[in-house]
Amino acid sequence: TANFTTQFYLTMGYGTGGSGVSPGSEWCNSGASVSIGATPASGYGFSSWTGSGSGSYLGSSASPSITMNGPITELANFTANPISVTVQPSISGRSFTVDGTPYTTSQTFSWVSGNSHTIATTSPQSGGTGIQYVWSSWSDGGAISHTVTPTVGTTYTANFTTQFYLTMGYGTGG
């Protein structure tokens, strides 16, 4: 008598933001319980498994077990970790916008790495009688209104120069 064991193929994969899965794709005995795991790349976190096939896993547990009741495909999904981004004026009280929302003080945001946002300011800005503030640059070298796509925590500063109004006059005979 020749005895055979039925095996099913486990196909393992990972999406953007992943650096590996365990085990790798392999043949597994029918009915075997297999623990699976995923490793995120730097700046990412595990989010979920997408599985197909009898005994597969679909959910957010980072290291579930699956039962090999047939061929199974498992895909590990990841999301980018939020990064801290500060947008501020070089002179307190000067206005700027982030994604169209106006601010006048330093603002810290929790953004997804690699997502685009628009930062802008206006120039000149009044500082009261005889004073104005003129935009000179953004710390990243961007235009007065531009899109930023940070991948690490950073600070964007709108730099302003203070200008004073010079009043000139002349007296009798001038």
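Start by selecting His117: at 14% relative accessibility, this residue counts as buried, where buried means under 20% relative accessible area, exposed means over 50%, and partly exposed is in between (1.4 Å probe, protein chains only). His117 sits in strand E13; helices (H or I, at least four residues) and strands (E, at least two) are DSSP runs, numbered from the N terminus. Before you go on, note that this is a predicted model, in which local features need pLDDT of at least 70 and side-chain atom pairs count only at pLDDT 80 or more, while totals for chains, interfaces and linings use all residues. Residues are numbered from 1 along each chain as its sequence is written, and side-chain values use heavy atoms, with hydrogens and water left out.

**Stop 1: around His117**

Keep His117 selected and show its surroundings. Leaving aside residues up to four places away in sequence, His117 touches Asp99, Trp111, His146, Thr147 and Val148; contact means heavy atoms within 4.5 Å.

Now click on Asp99 itself. You will find Asp99 in the loop between strand E10 (96–98) and strand E11 (101–103). Its phi is near 50°, a positive value in a residue other than glycine. Asp99 is partly exposed, with a relative accessible area of 42%.

**Stop 2: the five-stranded sheet**

Switch to a cartoon view and colour the strands E12, E9, E17, E15 and E14. In that order, these five strands form an open sheet with mixed pairing; two strands pair if DSSP finds at least two bridges between them. Strand E12 (107–112) and E14 stand at the edges, each with a single partner strand, so one side of each is left without a neighbour in the sheet. Strands of a sheet pair through backbone hydrogen bonds, either parallel or antiparallel.

Walk across the sheet from E12:

- E9 (residues 82–89) and E12 run antiparallel and are joined by six bridges; here Val85 stands opposite Phe109 in E12.
- E15 and E17 are antiparallel too, with seven bridges between them; Ile131 has Phe164 in E17 as its bridge partner.

E14 and E15 form a hairpin with four residues between them, and Gly128 in the turn has a positive phi of about 105°.

**Stop 3: two nonpolar cores**

Next, select Val85, Val87, Val98, Trp111, Ile119, Trp138 and Tyr156. These are the residues with the most contacts inside the largest nonpolar core, which has 15 residues. Such a core is a set of buried Ala, Val, Leu, Ile, Met, Phe, Trp, Tyr and Cys residues joined through side-chain atoms within 4.5 Å. E9, E10, E12, strand E15 (131–138) and strand E17 (154–164) each give two or more residues to this core. Centre on Trp138, whose contacts beyond four places in sequence include Val87, Phe96, Ile119, His146 and Tyr156.

A second, separate core of 12 residues includes Leu10, Ile36, Ile72 and Phe78. Is Ile36 buried or exposed? At 2% relative accessibility, Ile36 counts as buried. Ile36 lies in the loop between strand E4 (33–35) and strand E5 (37–40). Among the residues that Ile36 touches are Met12, Pro23, Trp49 and Ile66.

**Stop 4: the rings**

Show Phe96, Tyr103, Phe109 and Trp111, which ring pairs link into a cluster. The structure holds six aromatic pairs; rings of Phe, Tyr and Trp (its six-membered ring) pair if their centres lie within 6.5 Å, with planes under 30 degrees apart counted as stacked, over 60 as edge-to-face and the rest as tilted. Tyr103 and Phe109 are edge-to-face, 5.8 Å centre to centre with 75° between the planes. Phe109 is buried, at 16% relative accessibility.

**Stop 5: two cis peptide bonds**

Finish with the backbone. Ser22 and Pro23 are joined by a cis peptide bond, with omega about -10°; Pro23 is in the loop between strand E2 (18–22) and strand E3 (26–29). The bond from Ser123 to Pro124 is also cis, with omega near -5°, and Pro124 lies in the loop between strand E13 (117–121) and strand E14 (125–126).
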